[in-house]
Amino acid sequence: MKLLEVKQVSKRFGGLTANQDVSFDVGEAQIVGLIGPNGAGKTTMFNCVAGFFAPSEGSILLDGRDIAGLPPEACARAGVARTFQIARTFTSMTACENVMTAAMLREHHVGRARTAAMRWLAFANLERFADRPAASMTISEQRLLAVARSLALQPRILLMDEVMAGLNPSEVRLAVDVVLKIRDHGIACLIVEHVLEGIMPIADKIVVLDRGVKIAEGTPQEVSSDPVVITAYLGD
Ligand SMILES: Nc1ncnc2c1ncn2[C@@H]1O[C@H](COP(=O)(O)OP(=O)(O)OP(=O)(O)O)[C@@H](O)[C@H]1O
Ligand SMILES: [Mg+2]
């Protein structure tokens with residue numbers, strides 16, 4: 001069975017159709033890239049999968065159970081975690097406290113939640129910030145902090161929305177290494193990314209959206225040589 005199955009999902013905002021009849025799946029510990037031009041509906045799809053929006057139509061199965069329309073905290077408990085396109089950091093809290101906010105969902109004992117948070121900070125190579133205010137971190141460090149915080153929910157699948165945007169090439173390599181480590185940890189990754197050099201070398205599969213519709217799906221090689229994709233997206 002597939003871990004995540006998105007089946008014929010549509011999401012409308014009034015007269016605007018942000019996702020139309022989109023289907024794809026993500027296997028256990030797979031890395032799947034969700035790409036497409038601005039406004040293609042990528043973040044909307046994340047919001048549907050993570051419970052921030054109820055789809056207008058369709059179903060979203062996690063381990064065969066329909067989670068479509070459940071609130072975000074129920075999706076998180078079921079095993080879906082996500083980061084936001086604009087990193088939402090609690091800037092007045094330390095990096096460790098930021099991760100603890102998520103660790104507390106699984107571990108109510110403060111000391112044990114702190115220990116878990118420290119483990120995820122180390123996982124994301126951010127231990128040095130543990131006791132420093134998150135406001136002292138760069139945007140790229142805050143993106144990794146958001147990843148560490150999401151991991152503290154102990155998800156089955158992590159949805160990452162443009163964690164590599166604006167990073168320099170060495171920061172992209174660090175982020176790619178973290179994604180591979182997450183996969184090796186047994187957690188599936190669904191990644192929205194415009195930084196194709198970050199996602200193409202590591203994805204098992206790429207799904208391409210354009211104006212709300214899935215226009216291609218396949219290996220990175222298949223989609224990057226698909227004329228429909230090139231016209232819609234890679235052409236520029
Ligand atoms: N809450 C909302 N209310 C109304 N329209 C919305 C809402 N969220 C998204 N949209 C619209 O849905 C469409 C898809 O937006 P979405 O943010 O999903 O695109 P995206 O693929 O993530 O784009 P980008 O690459 O720029 O982040 C856009 O036309 C957007 O304006
Ligand atoms: Mg987006």
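A crossing of two helices is left-handed if the near helix is turned anticlockwise from the far one by less than a right angle, and right-handed if clockwise. By that convention, α3 and α4 cross in the right-handed sense. The model is predicted: local features need pLDDT of at least 70, side-chain atom pairs count only at pLDDT 80 or more, and totals for chains, interfaces and linings use all residues. Residues are numbered from 1 along each chain as its sequence is written, chains are lettered from A and ligands numbered from 1 in the order in which they are written, and side-chain values use heavy atoms, with hydrogens and water left out. Helices (H or I, at least four residues) and strands (E, at least two) are DSSP runs, numbered from the N terminus.

**Four-stranded sheet**

- An open antiparallel sheet has four strands in the order β2-β1-β4-β5; strands pair if DSSP finds at least two bridges between them.
- The edges are β2 (16-26) and β5 (65-66), each with a single partner strand, so one side of each has no neighbour in the sheet.
- Five bridges link β1 (residues 4-13) to β4 (residues 57-62) in the antiparallel sense, and Glu5 has Leu61 in β4 as its bridge partner.

**Six-stranded sheet**

- An open sheet of mixed pairing has six strands in the order β6-β7-β8-β3-β9-β10.
- Here β6 and β10 (213-218) are the edge strands with a single partner each, so one side of each is left without a neighbour in the sheet.
- From one strand to the next, the twist averages 20 degrees.
- Strands β6 and β7 (residues 157-161) run parallel and are joined by three bridges; Arg82 has Leu159 in β7 as its bridge partner.
- Helix α5 (residues 139-151) packs on this sheet, touching β6 and β7, and its direction makes about 160 degrees with that of β7.

**Helix α1**

- Helix α1 (residues 42-49) lies across β1, β2 and β4, at about 115 degrees to β1; axes are lines fitted to C-alpha atoms, for helices over the stretch in contact, and angles run from 0 to 180 degrees between N-to-C directions.
- Helix α1 also lies across β3 (31-35), β6, β7, β8 (188-192) and β9 (205-210), running at about 150 degrees to β7.
- Seven of the eight residues of α1 are buried, so the helix is largely enclosed by the rest of the structure; buried means under 20% relative accessible area, exposed over 50%, and partly exposed in between (1.4 Å probe, protein chains only).
- The buried residues of α1 are Lys42, Thr44, Met45, Phe46, Asn47, Cys48 and Val49.

**Magnesium site**

- Thr43 (OG1) and Gln85 (OE1) coordinate the magnesium ion (ligand 2) at 2.0 to 2.3 Å; donors are N, O and S atoms within 2.8 Å of the metal (3.2 Å for Na, K and Ca), and water is not among the atoms, so sites may look incomplete.
- Thr43 lies in α1 and Gln85 in the loop between β6 (80-82) and α3 (95-106), so the pair ties together parts 42 residues apart in sequence.
- Thr43 is partly exposed at a relative accessible area of 26%, and Gln85 is partly exposed at 37%.

**Nonpolar cores**

- Met160, Met164 and Ile182 touch the most other members of the largest nonpolar core, which has 55 residues; such a core is a set of buried Ala, Val, Leu, Ile, Met, Phe, Trp, Tyr and Cys residues joined through side-chain atoms within 4.5 Å.
- A second, separate core has 27 residues, including Leu3, Phe46, Leu62 and Val80.
- Residues that Met160 touches include Phe46, Val147, Ile182 and Val192; contact means heavy atoms within 4.5 Å.

**Helix packing**

- The axes of α3 and α4 (residues 110-123) come within 8 Å and cross at roughly 115 degrees.
- Residues meeting there are Ala95, Cys96, Val99, Met100, Ala103 and Met104 in α3 and Val110, Ala113, Arg114, Ala116, Ala117, Met118, Trp120 and Leu121 in α4.
- The axes of α3 and α5 come within 7 Å at a crossing angle of roughly 35 degrees, and this crossing is right-handed.

**Backbone angles**

- Asp21, in strand β2, has a positive phi near 55 degrees and is partly exposed at 46% relative accessibility.
- Asp63, in the loop between β4 and β5, has a positive phi near 55 degrees and is partly exposed at 36%.

Notes: Lists of a residue's contacts leave out its neighbours within four places in sequence.
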